[in-house]
Every structure is written in C-alpha cells, then in structure tokens.
Amino acid sequence: MDAAFVQIEQAPAREIIRDGRGVIVGAIERQRLVGKLIARDARGVVVGVFEERSRTTRDSRGRIVGQTNLLPALLFHRR
C-alpha cells in the first residue's frame, strides 16, 4: 500500500530584520487569527501594524501610512 506524504510549511511567526551590517533593527510578528503583522523595533516597541484584510499599514499612532505592507520601511525610518 502506498502512503501519501504531505508537508505543509508555514511562514515563521516572527521574522528578525537586520540592517546591512547585521545589526538587529527589529522584528515583524505574524498574528494569523486576526490577520495582522506587527512591527517592533529592537527594544520591542510597536512601530506599525499591517492589516491583511484591508491591506493598510498604520504607524504606532494609528495613522494610515499606505495601502501595502510598509512595515520594513517603518523599522528603518525609526533609526
């Protein structure tokens, strides 16, 4: 009897972002249940949120920054 093997790979729940020298700039966390990506700087402070359903990026004050995922740009802008 032949058995099928299925491997499901998921994106990591947390992605570390580094600059060109390898220094940690921050991290982007995926919250699957609510459909959000949250960017935190190297100290753990929230710098922005990307909502997958509405495809909008908001800064730490809740203001809309753009209509696509701009979280890496927010991380590097805070430096």
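Residues are classed here by relative accessible area, with buried meaning under 20%, exposed over 50% and partly exposed in between (1.4 Å probe, protein chains only). The model is predicted, so that local features are reported at pLDDT of at least 70 and side-chain atom pairs at pLDDT 80 or more, while totals for chains, interfaces and linings use all residues. Numbering starts from 1 along each chain as its sequence is written, and side-chain values rest on heavy atoms, with hydrogens and water left out.

The protein contains one helix and six strands, taken as DSSP runs numbered from the N terminus (helices being H or I of at least four residues, strands being E of at least two), and along the sequence these elements follow the pattern β-β-β-β-β-β-α. Of the 79 residues, 29% are buried. Where contact denotes heavy atoms within 4.5 Å, 21% of the contacts between residues at least 6 apart in sequence join residues at least 24 apart.

Strand pairing requires that DSSP find at least two bridges between the strands. Strand β1 (residues 14–18) runs antiparallel to β2 and is joined to it by five bridges, with Arg18 having Ile24 in β2 as its bridge partner; five residues separate the two strands of this hairpin, and Gly22 in the turn adopts a positive phi of about 95°. Strands β2 and β3 are likewise antiparallel, being joined by six bridges, and Ala27 stands opposite Arg40 in β3. Their hairpin has four residues between the strands, and its turn includes Gly35, with a positive phi of about 70°.

The largest nonpolar core has ten residues, namely Ile17, Val25, Ile28, Leu37, Ala39, Val47, Phe50, Leu71, Leu74 and Leu75; such a core is a set of buried Ala, Val, Leu, Ile, Met, Phe, Trp, Tyr and Cys residues joined through side-chain atoms within 4.5 Å. Beyond its neighbours within four places in sequence, Leu71 is in contact with residues including Ile28, Leu37, Phe50 and Thr57.

Thr57, located in strand β5 (residues 56–59), has 0% relative accessibility and therefore counts as buried. A polar atom of the Thr57 side chain lies 2.4 Å from the backbone oxygen of Thr68, and a polar atom of that side chain lies 3.2 Å from the backbone nitrogen of Leu70. In the loop between β4 and β5 is Arg55, a residue that has a positive phi of about 55° although it is not a glycine.

Six salt bridges are counted, each being a side-chain nitrogen of Lys or Arg within 4 Å of a carboxyl oxygen of Asp or Glu. One of them joins the side chains of Arg30 and Glu52 at 2.6 Å, N to O; because Arg30 lies in strand β2 and Glu52 in the loop between β4 and β5, the pair ties together parts that are 22 residues apart in sequence. Another salt bridge pairs Arg43 with Asp41, with the closest N and O atoms 3.1 Å apart; Arg43 is exposed at 68% relative accessibility, whereas Asp41 is buried at 10%.

Terms used:
A polar contact is a pair of N or O atoms within 3.5 Å; within protein, one must be able to donate a hydrogen and the other to accept it, and residues adjacent in sequence count only if both atoms are side-chain atoms.
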